[in-house]
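The following note concerns the salt bridges of the structure shown below. Please read the points alongside the model.

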Amino acid sequence: MTQDNGKPVVTVLTAPGEPEPPGVDAVREQAEVRFASDEKTLRETLPGTQVMMVTDFRTEALAAAWPEADQLEWIHATSAGVDALMFPELIDGPVTVTNAQGIFDRTIAEYVLCTILMYCKDFPGSIRYQTKHQWQHRDTERAQGRRVLIVGAGSIGRQIARLTSAIGMEAHGVARRARDEDPDFEAVHSNDELMDQLGLADFVVVAAPLTPATEGLFDRKAFQAMRSDARFINIGRGPIVKTDDLVDALRAGDIAGAGLDVFEEEPLPEAHPLWDMENVLITAHMAGDFIGWRKALTEQFLDNFQRWKQGDDLFNLVDKKLGYAAK
């Protein structure tokens, strides 16, 4: 159904204070565009809305305002993770969900490769010596031949495997199901093999979505299963890791370091002990954010919007029962 002007209705849900997405004028040419940023404004804009573009990956407003969604057919999340959208009424209902799979894959993989190389070549140490004007020669590690375990062997995990393999690392994956042959991984192991595989890896990378199955997956038991010289990297979602257990593991020497882009609580509190640990690298949930990423997200939505208008199959379909785009 369209409005009297013949245009479909698209509601863009942004975070409070967030500007409208760049490139949205191209959407206005084809649709009546409404904006919401919280439960109140969403309740006002949802009636009659057929399509939603959600840029706030932490939103709780949609679940709260859901009774007002009387004509909604499709929700597009401009993020890879859709955990904030996976509330029961949406999961069990007919509304289609798509995500931004593909936009951030390569840049996140570059971030992971950079983090691995920073550890191997001890760039954190070099920066500390530089700030003290101290000339300190030392030997560093080789990345070639090291084993990286990528927990989450989807599109992001695959890009990580390709880049790490390109410098001679051995990339292993963990996924819902084992795969005997995969062009980008030495092997893909099933979830129930995780604990055994943790003890074999030099680097463990979390690239999994946040689902009920992955929430709190990396706890005290998981960190104790890792090698004491292994490094842990999280570019997935913060709640996959129990932060207190990670801090304890770092202090006890159960693992050698952690590169963290996401956290259970964001922003990470100023007084949090992770900030002052010399074997920890911290970034502000920015692993995939390249210059121009916001416009690229709008362009991806527009490509799918054309399919929706023509009645064609949408890409990046999210399996709502699994909580991620399964392809």
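1. A salt bridge is taken here as a side-chain nitrogen of Lys or Arg within 4 Å of a carboxyl oxygen of Asp or Glu. By this rule the structure holds 22 salt bridges.

2. The model is predicted, so local features require pLDDT of at least 70 and side-chain atom pairs count only at pLDDT 80 or more, while totals for chains, interfaces and linings use all residues. Residues are numbered from 1 along each chain as its sequence is written, and side-chain values use heavy atoms, with hydrogens and water left out.

3. Arginine 34 and glutamate 32 form a salt bridge whose closest N and O atoms are 3.0 Å apart. Arginine 34 is buried, at 18% relative accessible area (buried is under 20%, exposed over 50%, partly exposed in between; 1.4 Å probe, protein chains only). Glutamate 32 is partly exposed, at 26%.

4. A salt bridge also joins arginine 146 to glutamate 141, with 3.0 Å between the closest N and O atoms. Arginine 146 is buried, at 15% relative accessible area, and glutamate 141 is partly exposed, at 27%. Both belong to a network of salt bridges that links Glu141, Arg146, Asp202, Arg227, Asp229 and Arg231.

5. Aspartate 182 pairs with arginine 158 in a salt bridge of 2.8 Å, N to O. Arginine 158 lies in helix H7 (residues 155–166) and aspartate 182 in the loop between strand S7 (170–175) and strand S8 (187–190), so the pair ties together parts 24 residues apart in sequence. Helices (H or I, at least four residues) and strands (E, at least two) are DSSP runs numbered from the N terminus. Aspartate 182 is buried, with a relative accessible area of 13%.
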